[in-house]
Amino acid sequence: MRNLERLKLLIRALLSKSPGGLPSVKLAKLILFTDLEYYRKYGKSFTGLYYVRKDYGPVVAYFNTALSEEVSSGVVKEKHELTEYGTVMRTYELSAHDIQI
């Protein structure tokens, strides 16, 4: 699926600009804002995917799938951190090895 590959490319690009990594909610928001800005400039979505309604706002379809595939392939590292409220926050960052963006 070409659109899923574009989403993975966008995930890699956003994480490459965030050395400490990004929480999943923030990553999802940045994807939304990037897609909206791309649509505003070019009249079409960068990812070509639709968005689904979630508790914390719209999330691009296949977000979890793309992120899971990037983690399982070793391109992205997933960290779990305990917040001050006792919940687990998932943070993602690019792996240390050279990544092609």
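These points cover the nonpolar core, the aromatic pairs and the salt bridges of a predicted model.

1. Core. The largest nonpolar core holds 21 residues. Leu-7, Ile-11, Leu-15, Leu-27, Ile-31 and Phe-63 have the most contacts inside this core. At least two core residues come from each of helix H1 (2–16), H2, S3, H3 and strand S5 (88–94). H1 gives the largest share, 6 residues. In soluble globular proteins, nonpolar side chains tend to be buried together.

2. Ile-31. Leaving aside residues up to four places away in sequence, Ile-31 touches Leu-7, Leu-10, Ile-11, Leu-14, Tyr-51, Val-60 and Phe-63. Among these partners, Leu-7, Ile-11 and Phe-63 are also listed with the most contacts inside the core.

3. Aromatic pairs, part one. The whole structure contains 3 aromatic pairs. In one of them, the ring centres of Tyr-38 and Phe-46 are 5.3 Å apart and the planes stand at 75°, so this pair is edge-to-face. Phe-46 has a relative accessible area of 17% and is therefore buried, the limit for that label being under 20%. Tyr-38, at 22%, is partly exposed.

4. Aromatic pairs, part two. Tyr-50 and Tyr-62 also pair edge-to-face, with 6.5 Å from centre to centre and 70° between the planes. This pair links distant parts of the chain, 12 residues apart. Tyr-50 is in the loop between helix H2 (24–42) and strand S2 (51–52), and Tyr-62 is in the loop between strand S3 (59–60) and helix H3 (63–72). Tyr-62 has a relative accessibility of 36% and counts as partly exposed.

5. Surroundings of Phe-46. Phe-46 belongs to one aromatic cluster with Tyr-38 and Tyr-42. The ring of Phe-46 also has a charge over it: the charged end of Arg-6 sits 4.0 Å from the ring centre. Phe-46 thus takes part in the edge-to-face pair with Tyr-38 and in the contact with Arg-6.

6. Because Arg-12 lies in helix H1 and Glu-70 in helix H3, the pair ties together parts that are 58 residues apart in sequence. Glu-70 is a buried residue, with 2% relative accessibility.

7. Glu-93 and its two lysines. Glu-93 forms a salt bridge with Lys-77, at 3.1 Å from N to O. Glu-93 is in strand S5 and Lys-77 in strand S4 (residues 76–82), 16 residues apart, and the pair links distant parts of the chain. Glu-93 also forms a salt bridge with Lys-79, where the closest N and O atoms are 3.7 Å apart. This second pair again links strand S5 with strand S4, across 14 residues. Glu-93 is buried, at 13% relative accessibility. Both lysines are partly exposed: Lys-77 has a relative accessible area of 39%, and Lys-79 is at 30%.

8. Network. Salt bridges link Glu-5, Lys-8 and Glu-69 in a network.

Terms used: Residues numbered from 1 in each chain as written. Predicted model: local features only at pLDDT ≥ 70, side-chain atom pairs only at ≥ 80, totals over all residues. Heavy atoms only, no water. Phe/Tyr/Trp six-rings, centres within 6.5 Å; stacked < 30°, edge-to-face > 60°. Buried < 20%, exposed > 50% of the residue type's maximum accessible area, 1.4 Å probe, protein only. Helix = DSSP H or I, 4+ residues; strand = E, 2+ residues; numbered from the N terminus. Lys NZ or Arg CZ within 6 Å of the ring centre and 35° of its normal. Core = buried A, V, L, I, M, F, W, Y, C linked by side-chain atoms within 4.5 Å. Contact = heavy atoms within 4.5 Å. Salt bridge = Lys/Arg side-chain N within 4 Å of Asp/Glu carboxyl O.
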